[in-house]
Amino acid sequence: MRVLWLQSGGCGGCTQSLLCSEPRALFDELRDAGIRFVWHPALAHESDSEALQVLQSCADGSIAFDVLCVEGAMLRGPNGTGKFHLMAGSGAPMTEWVQRLALRARWVFAIGSCSAFGGLSASTPGNPLQATGLQYETSDFGGLLGEEFVSQGGLPVVNIAGCPVHPGWVVDTLEKLALEGLQRSDLDELGRPLLYADQLVHHGCPRNEYYEFKASAKKHSDQGCLMENLGCKGTQAHADCNIRPWNGNGSCLRGGFACITCVEPGFEAPGHPFQETRKLAGIPIGLPADMPKAWFVALAALSKSATPKRVRANSMADHTVVRPAVRKSEK
Ligand code: SF4
Ligand code: SF4
């Protein structure tokens, strides 16, 4: 399976993240699944003119490829011309290149939240760059390619969202496509692969015991749950960050930072500081997915009244200050 990769309006962090793929080295893993890059701007050996020739040949059909991966938002400005981002040496806007190449690709993958939904590239007030995702503008269907776009392989754009994307989400999606095929039923309502988006970040969070008892951290070094005070939206973010660790054993939560839902459209403009929880009458506005507000309020009150001393004390400390009681196990 041949992959053509382009980078547009973004920081390149998704490629950097991909290069940290593990447990096997990225290229060994892809090679053994029969996947190779036709061209990648950060990895290719070609000179600029040779690279343009490869891209031209892909666009006119003389070099066949299977998957078009686009990293970074599509910059349509100024005034819809796309000239804020010309493909170097070609004189043509990147938006035009992507539109041409998407028609040749069997499948189109948006790599990262900028390419999927616009992401941080679209977050400047008024969006002067006219940045958008490939098939979504935040959560609205459309984007550069339009609502009706379906690639030759029969799928809309596959949105491997994340800021940056987890390397495993890209590798597993490419491998699933190469080895088993990818169907619409493998994607969620926003086109994200269910192989990572059928979980919530909350699942597997090491702070779950604190969440159960609503024992909350007051500052970032505390061990407690970050939802009540420090902006955590892990109960709403569709990703497996705490089940599929980053870089061996890390995650935002394990590092002491709240989940800011970087896999969701519009995460970049929450309307409040990222690491603060927005509340109304003392109740967080962003409630867990699937939970009615009245239940949450009742459960939170009950949980708080039943919080063990150990959990409360440890939630506001940066290490265990009260150990779990040692008792004879019941026969
Ligand atoms: S810190 Fe966030 S992800 Fe972890 S338990 Fe609390 S709400 Fe869930
Ligand atoms: S924990 Fe949340 S903010 Fe962090 S990478 Fe996962 S989805 Fe993004």
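Reader: How do the residues of the shell around ligand 2 divide into nonpolar, polar and charged?

Author: Happy to start there, bearing in mind that this is a predicted model. Around ligand 2 sit Gly 162, Val 201, Ala 237, Ala 239, Cys 241, Ser 251, Cys 252, Cys 259, Ile 260, Thr 261, Cys 262 and Val 263. Gly counts as polar here, whereas Cys counts as nonpolar. The shell around ligand 2 therefore divides into nine nonpolar, three polar and no charged residues.

Reader: Which residues are the closest to ligand 1?

Author: Ligand 1 has 14 residues around it. By class, its shell holds nine nonpolar, four polar and one charged residues. The closest to ligand 1 are Cys 205, Tyr 211, Cys 225, Cys 232 and Gly 234.

Reader: Thanks! Are H3 and H4 parallel or oblique to each other?

Author: Helix H3 covers residues 48-60 and helix H4 covers residues 94-104, and their axes lie 8 Å apart. The two helices pack at an angle of about 50°. Angles under 35 degrees would count as roughly parallel, and 65 to 115 as roughly perpendicular. H3 and H4 are therefore oblique.

Reader: Which residues of H4 make the contact with H3?

Author: By class, the contact of H3 with H4 has five nonpolar, no polar and two charged residues. H3 brings Leu 55, Cys 58 and Ala 59 to the contact. From H4 come Trp 97, Arg 100, Leu 101 and Arg 104.

Reader: What span is expected for H3 at 1.5 Å a residue?

Author: H3 has 13 residues. From its first C-alpha to its last, H3 reaches 18 Å. That is close to the expected span, which is 18 Å.

Reader: Which elements give two or more residues to the side of domain 1 that touches domain 2?

Author: The protein is divided into domain 1 (2-197) and domain 2 (199-322). Their contact takes 20 residues from domain 1 and 15 residues from domain 2. On the domain 1 side, the elements giving two or more residues are helix H5 (113-117) and helix H7 (194-197).

Reader: Where is the cis peptide bond that involves Pro 78, and what is its omega?

Author: Pro 78 lies in the loop between strand S4 (74-75) and H4. The cis bond joins Gly 77 and Pro 78, with omega about -5°.

Reader: What is phi of Thr 138 near?

Author: Thr 138 sits in the loop between strand S7 (136-137) and strand S8 (140-141). Its phi is positive, in a residue other than glycine, and is near 45°.

Conventions: Residues numbered from 1 in each chain as written. Chains lettered and ligands numbered in written order. Predicted model: local features only at pLDDT ≥ 70, side-chain atom pairs only at ≥ 80, totals over all residues. Axes fitted to C-alpha atoms, helices over the stretch in contact; angles between N-to-C directions. Helix = DSSP H or I, 4+ residues; strand = E, 2+ residues; numbered from the N terminus. Parallel < 35°, antiparallel > 145°, perpendicular 65-115°, else oblique. Contact = placed C-beta atoms within 7 Å. Near = placed C-beta within 6 Å. Domains from an automatic or database assignment. Expected span 1.5 Å × (residues − 1).
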